[in-house]
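Here is a colleague's note on the model shown below. The points are numbered and can be read in order.

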Amino acid sequence: MDNQPSILVIDDEPDNFDVIEALLFNEGYELNYAASGQRVIERLKIIQPDVILLDVMMPDVDGIEVCKHIKSHTQWQYIPIIMVTALTAKEDMVRCMDAGADDFISKPVNGLELRARVNSMLRIKRQHDDLQALLNLREDMVKMILHDMRNPLTSILLATEILKLPNFPPERQKTKVEQIVNSVQQLQALIDDLMIMAKLESGKMVLNYTNVDLVSLCLSALNSFEAIATQKNLQLISNFPQPHIHLNLDALIFRRVIDNLLSNAVKFSPKNSQVILQTNDCRPESVMIQIADSGVGISDEAKQIIFEKYEVGTLMPEVSQLGLGLAFCKMAIEAHGGTITVKNNQPRGSVFTVFLPG
């Protein structure tokens, strides 16, 4: 929902809209007006209100029929409707509720009551929107996880079928077995990231701090990407002004952070380019780790979301892009008391910078 909630007032009397506008003047709402029930649908096609104030007694189509019509459309049925009525009989109130109304207010409208009821309906709408966003996120998450699992699973299945061929050369079996092992490791890494993130979010992850040589950890991570870098003719460059930087870290989790950042840099870098990993001991303030690539870069808009779960930056069809890596890095780094930022590299690419407390 926008920062400024939108309210649609449906009433055949413009003077009644003026009253509503005066009573809600200081609430910061965006007010819209429809002069009849017949014009409601065309207004709803233009705006998406958060609450509807609907007059019951209208000459062309009464409010009860309008309410039924709105609630019959799936794209509008979750918009709370407050019936504004001069009717007082219980039977009339029941008719309003049976039509799908969420609340009602009696004429003449009292400002205090109107503001309270609108606020109440806005809370309900906000809860619905938050839940819908969560459901959409879960659906996207499942699709992305399935997408990223499909590639290694397909590789495993193909390699297995090839190994079953009766005339498959024995000297090539080792390559296919290695392909299967690599694919299984990809799946294991994905599952591990999901499990660690879930524990970090729930507060159940207890970091196993030990004294770690950060330079050695970074060198080990670089070495593990040599093979894939060679395939793309990438240069993996290290810049460690200090030969050793000792910190208290969870070595396993922080190695995964470095691996994720290097993996992104290698995946998104074009052939015949460079990936640079450097550290700098700036204590007592902090220790810096920086990974720079010459890839497609990240737009200013994407920089606002790439550290959120299941969000990705620039889409590349040939690259596995489940939005977990950077979200995992952010959560793991913050669990260590650090921060991570991203900026543009020059002339192109991205630079990810991690600061850890000294």
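1. Two strands count as paired if DSSP finds at least two bridges between them. Helices (H or I, at least four residues) and strands (E, at least two) are DSSP runs numbered from the N terminus. With those terms, five strands form an open sheet of mixed pairing, in the order 7-9-10-12-11. Strand 7 (235-239) and strand 11 are its edge strands, each pairing on one side only. The twist from one strand to the next averages 15 degrees; axes here are lines fitted to C-alpha atoms, for helices over the stretch in contact, and angles run from 0 to 180 degrees between N-to-C directions.

2. On the source: this is a predicted model, in which local features need pLDDT of at least 70 and side-chain atom pairs count only at pLDDT 80 or more, while totals for chains, interfaces and linings use all residues. Residues are numbered from 1 along each chain as its sequence is written, and side-chain values use heavy atoms, with hydrogens and water left out.

3. Overall form. The protein has 11 helices and 12 strands. Its radius of gyration is 29 Å, whereas a compact globule of 358 residues would have one near 21 Å; the radius is taken over C-alpha atoms, and the globule rule is 2.2 Å times the number of residues to the power 0.38. The C-alpha trace spans about 85 × 65 × 40 Å along the principal axes.

4. Surface and contacts. Accessible surface comes to about 19,600 Å², with 53% belonging to carbon and sulfur atoms; the areas come from the Shrake-Rupley method with a 1.4 Å probe. Of the 358 residues, 42% are buried, where buried means under 20% relative accessible area, exposed over 50%, and partly exposed in between (1.4 Å probe, protein chains only). A contact means heavy atoms within 4.5 Å. Among contacts with a separation of 6 or more, 68% are between residues 24 or more positions apart.

5. Another open sheet has five strands in the order 2-1-3-4-5, with parallel pairing. Its edge strands, each pairing on one side only, are strand 2 (30-34) and strand 5 (103-106). The average twist is 20 degrees from one strand to the next. Helix 3 (residues 63-71) packs on this sheet and touches strand 1, strand 3 and strand 4 (81-85); its direction makes about 175 degrees with that of strand 4. Four bridges join strand 1 (residues 6-10) to strand 3 (residues 51-55) in the parallel sense, and I7 has V51 as its bridge partner in strand 3.

6. Strand 7 and strand 9 (residues 274-282) run parallel and are joined by five bridges. L236 has V275 as its bridge partner in strand 9. Helix 7 (residues 214-224) packs on the sheet and touches strand 7, strand 9 and strand 10, its direction making about 175 degrees with that of strand 9.

7. Strand 12. Strand 12 (residues 350-357) is largely enclosed by the rest of the structure, because six of its eight residues are buried. The hairpin of strand 11 and strand 12 has five residues between the strands, and in it G349 takes a positive phi near 110 degrees.

8. Helix 11. This helix (residues 325-335) lies across strand 11 and strand 12, at about 135 degrees to strand 11. Eight of its 11 residues are buried, including L326, F328, M331 and I333. G337 follows helix 11 and has a positive phi near 85 degrees.

9. Nonpolar cores. A nonpolar core is a set of buried Ala, Val, Leu, Ile, Met, Phe, Trp, Tyr and Cys residues joined through side-chain atoms within 4.5 Å. The largest has 48 residues, and L214, F254, L261, L262 and F352 have the most contacts inside it. Helix 9 (residues 251-268) supplies the largest share of this core, eight residues. Apart from neighbours within four places in sequence, L262 is in contact with A221, L222, F225, V275, L277 and I291. A second, separate core of 22 residues includes L44, L54, I79 and A101.
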